[in-house]
Amino acid sequence: RIIGMLVNNGDNLLIAKILSIKALGIYDVAFRFANLFINHFNPIVTNISLPVLAKSNTNLKELTYRFKKMIEKSPLPMVITDENQDISFLNDKFTELFGYTLEDVPTAQEWWEKAYPDQSYRLMVQQSWMNAIEKTAANNTDIEMQEWDIMIKDRTKRTCEFNMVPLGETSLIIMKDVSYRKKAEQDRVNL
């Protein structure tokens, strides 16, 4: 087990945990990130259990590159928001599945209006997220998964599961499109 700290000059620290990513030789990695995607990833590795790193000369730059690629190429859509909840990063799978690019939805307001065009539904979704965040802060628990219908860029509807990981003033949101599963469940009920 390697336990170390690599110093970074960023002020805003974020925490993420990744488990069982064998392709990268990472088994239990805890990262602190500063200034996500402003110029480039700047992780501060604080607790690493990496047999691969222990046996190699993998440096911070290589680890940063691997982690950035892992987020970019994840099979699940991922979003990173900033301290204002504006979108600072969308991964490739997000754009592939939902059509939106960072230029389409750079602000939280634009995301809410495009993904949830019906105002009453949008307000319900926003209130649910605010309640979940408040509950998490009060009880020191994880934010529970939420499931919502979103309007994608081509104006079709998708049902998605949302998992939000608050990381200091920013958040990582991992989505899963469950539209096909929902349709199959409904088709079975209708038989």
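In β5, leucine 90 is the bridge partner of valine 79. Helices (H or I, at least four residues) and strands (E, at least two) are DSSP runs here, numbered from the N terminus, and two strands pair if DSSP finds at least two bridges between them. This is a predicted model, where local features need pLDDT of at least 70 and side-chain atom pairs count only at pLDDT 80 or more, while totals for chains, interfaces and linings use all residues. Residues are numbered from 1 along each chain as its sequence is written, and side-chain values use heavy atoms, with hydrogens and water left out.

## The whole chain

The protein chain has six helices and eight strands, and along the sequence they follow the pattern β-β-β-α-α-β-β-α-α-α-β-β-β-α. Of its 191 residues, 40% count as buried; buried means under 20% relative accessible area, exposed over 50%, and partly exposed in between (1.4 Å probe, protein chains only).

Now take contacts, meaning heavy atoms within 4.5 Å. Among those between residues at least 6 apart in sequence, 39% join residues at least 24 apart. The chain exposes about 11500 Å², with carbon and sulfur atoms supplying 53% of it. Accessible areas come from the Shrake-Rupley method with a 1.4 Å probe; for residues, only the protein chains shown count as cover.

## The five-stranded sheet

Five strands make up an open, antiparallel sheet in the order β5-β4-β8-β7-β6. β5 (87–90) and β6 sit at the edges with a single partner strand each, so one side of each has no neighbour in the sheet. From one strand to the next, the twist averages 30°. α4 packs on this sheet, touching β5 and β6, and its direction makes about 80° with that of β6. For these angles, axes are lines fitted to C-alpha atoms (for helices over the stretch in contact), and the values run from 0 to 180 degrees between N-to-C directions.

## β4 and its two partners

What covers β4? Both of its faces are covered: Met78 and Ile80 on one side, Val79 and Thr81 on the other, all buried. In a regular strand the side chains alternate between the two faces of the sheet.

Strand β4 (residues 78–81) is joined to β8 (residues 170–177) by four bridges, the two running antiparallel. Methionine 78 stands opposite isoleucine 174 in β8, and valine 79 stands opposite isoleucine 173. With β5, β4 pairs in the antiparallel sense over three bridges. These two form a hairpin with five residues between them, and glutamine 85 in the turn has a positive phi of about 65°.

## Helix α5 and what follows

Helix α5 (residues 119–139) has 21 residues and reaches 30 Å from its first C-alpha to its last, close to the 30 Å expected at 1.5 Å a residue. That expected span is 1.5 Å times one less than the number of residues. Its buried residues are Arg122, Val125, Trp129, Ala132 and Thr136. Seen down the axis of α5, they fall within an arc of 95°, so they line one face of the helix; the arc is that of the directions from the helix axis to the C-beta atoms. On the other side, Gln119, Ser120, Glu134 and Ala138 are exposed.

The cover over the buried residues of α5 includes α4 (108–115), β6 (146–151) and β7 (157–167). α5 lies across β6 and β7, running at about 150° to β6. Just after the helix, asparagine 140 takes a positive phi of about 55°. Asparagine 140 belongs to the loop between α5 and β6 and, at 74% relative accessibility, counts as exposed.
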